[in-house]
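Subject: Structure for you to look at

Hi,

Here is the structure I promised. Please open it before reading on.

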Amino acid sequence: MKITLNKEAREELQSLAKNKDVYIEGNILKLLEHSDDDFKEYINAALAKDTERRKKRLEITKQVQDKNKELEEKAKENDDLMAELKEALIIAEDAKEAALNDLDVMQKKSQFQLIGSIVSYALWVIVGTGIITTFMYAMAIYWNSTETTLIGNTWSNLFGILLTNSFSIIGTIMGVKYANNDEKQE
Amino acid sequence: MIDSILLVDDEDLFHIVFDDACSLLDIALSLEGVHSADEAEEKVVGWSDEPSKKPDCIFVDLNIIGSSFDGIELIRRVNHKYGNGVVIGIISSSFNEDEIEKAKLVGAQFWIVKSDDIEPRLEEFKEDFNSYKDRTGEFKVYK
C-alpha cells in the first residue's frame, strides 16, 4: 500500500524542508510514493533524519534502562543491607538482654553467697555457744556445783534466745528466697 | 514488513525501545502498546466487532506487573477462548525452560529473550514471521 501525493503537496513539503528544515517523520515516510527524483531526494533526507533521531533515542533509552537496572540492583542491595542491619540489631539487643540477665543473676548470686556466709557464721556461733553452755551446765551437774541452778537458768535463757535468733535467721532466708522466686515468675 | 503489532508490556521504556527498534529494522509499520494483560484482553474482545483493528502480531511480556493474569494466560485466552488466530508469542527477560514449555502448550509461536541487544533477535524474527503467519513455522526461542 503506497500513498501518492499530488505535485502541489510534494512541492510544499520540499519547500518547507528547504526553508525551515522541517521534514515529515515516522513510518508514514515508508508509505509515500516517490517516483520523481526531487521528491525521492526529500524522502531519503527525511528518512535519514528520522533514522538518526530514532537511533539516538534508542541509544538514550537503552542507557536509561541500564541506569534503571543499576538503580534497582542498588536498591535491592540496600534493602538486603537494611535487613541484615535489622537482624544484627535484634541479635545485639538479645545479647544485651542476656548480658543484663547474667549480671542480675551474678548480683543475686553474690548477694545469696554473702547472706549464706553470714547465716553460716551466725549458725556456727549459735551452735558453738549452745555447745559451750550445755557443756558448762553438764559439768556443773556432774560436779554437784552450788552454781547449778544459776547456770541452769542462764543455759535455759541463753538457749531460748539462741533458738529464737536461729528461727529469725531461717525465717529471713526463707522470705528472701520466696521474694526472689516471685520476681523470677513475673 | 508487518503492518501492525500489539505490544503488551508494563515497562514504559521498553515500549520506546521496541518501537524504535521495529522502525529502524523495518519490522512494522505501526505499533500499539498496552501496559497490562487486562487492557490487552479488552482489545482482543473488541476485535470481534472491529476486525480491522486486529494486529498482525502480538508480543506479550511474561510477567506483566499490574495485571490480574500473566502473559501465558493471555496467550491461552487469545488462542483458546477468543480464537483470534493471530501470531502471538512471548517477549521476556526470563529464560525459564518450564515457562517456555507452558507458553508452547498454550499456543505461543515464539519466545524472544529481552536484552540490551534485542535488534538481532527481532531481525531474525522478521525473517521467520511469514512462517508463523501461515502456521508452518515451529515454536522458536530467540536468545
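Below is what came out of it, starting with chain B.

This is a predicted model: local features need pLDDT of at least 70, side-chain atom pairs count only at pLDDT 80 or more, and totals for chains, interfaces and linings use all residues. Residues are numbered from 1 along each chain as its sequence is written, and chains are lettered from A and ligands numbered from 1 in the order in which they are written.

The sheet. In chain B, 6 strands form an open sheet with parallel pairing, in the order β2-β1-β3-β4-β5-β6. Helices (H or I, at least four residues) and strands (E, at least two) are DSSP runs, numbered from the N terminus. Two strands pair if DSSP finds at least two bridges between them. β2 and β6 (140-142) of chain B are at the edges; each has a single partner strand, so one side of each lacks a neighbour in the sheet. Between neighbouring strands the average turn is 20°, direction ignored.

Two pairings. β1 (residues 2-8) and β2 (residues 28-34) of chain B run parallel, joined by 6 bridges. There, B:Leu7 sits opposite B:Gly33. β3 (residues 57-60) and β4 (residues 87-92) of chain B are also parallel, with 4 bridges.

One residue to look at: B:Leu6, in strand β1 of chain B. Is B:Leu6 buried or exposed? It is buried, because 22 C-beta neighbours lie inside 10 Å (the cut-offs: buried at 20 or more other C-beta atoms within 10 Å, exposed at 12 or fewer, partly exposed in between; C-beta atoms are placed from the backbone). Leaving out residues up to four places away in sequence, B:Leu6 touches B:Glu32, B:Val34, B:Ala40, B:Lys43, B:Pro55 and B:Ile58. Contact means C-beta atoms, placed from the backbone, within 7 Å.

The chain contact. Chain A gives 12 residues and chain B gives 10 residues. On the chain A side, 2 are nonpolar, 4 polar and 6 charged (Ala, Val, Leu, Ile, Met, Phe, Trp, Tyr, Cys and Pro count as nonpolar; Asp, Glu, Lys and Arg as charged; the others, Gly among them, as polar). Helix α2 (residues 37-142) of chain A packs against α1(B) at about 145°, with the axes 9 Å apart. Axes are lines fitted to C-alpha atoms, for helices over the stretch in contact, and angles run from 0 to 180 degrees between N-to-C directions. Among the residues meeting there are A:Arg54 and A:Leu58 from α2(A), and B:Ile16 and B:Asp20 from α1(B).

Best wishes

Notes. Two residues are in contact if their C-beta atoms, placed from the backbone, lie within 7 Å.
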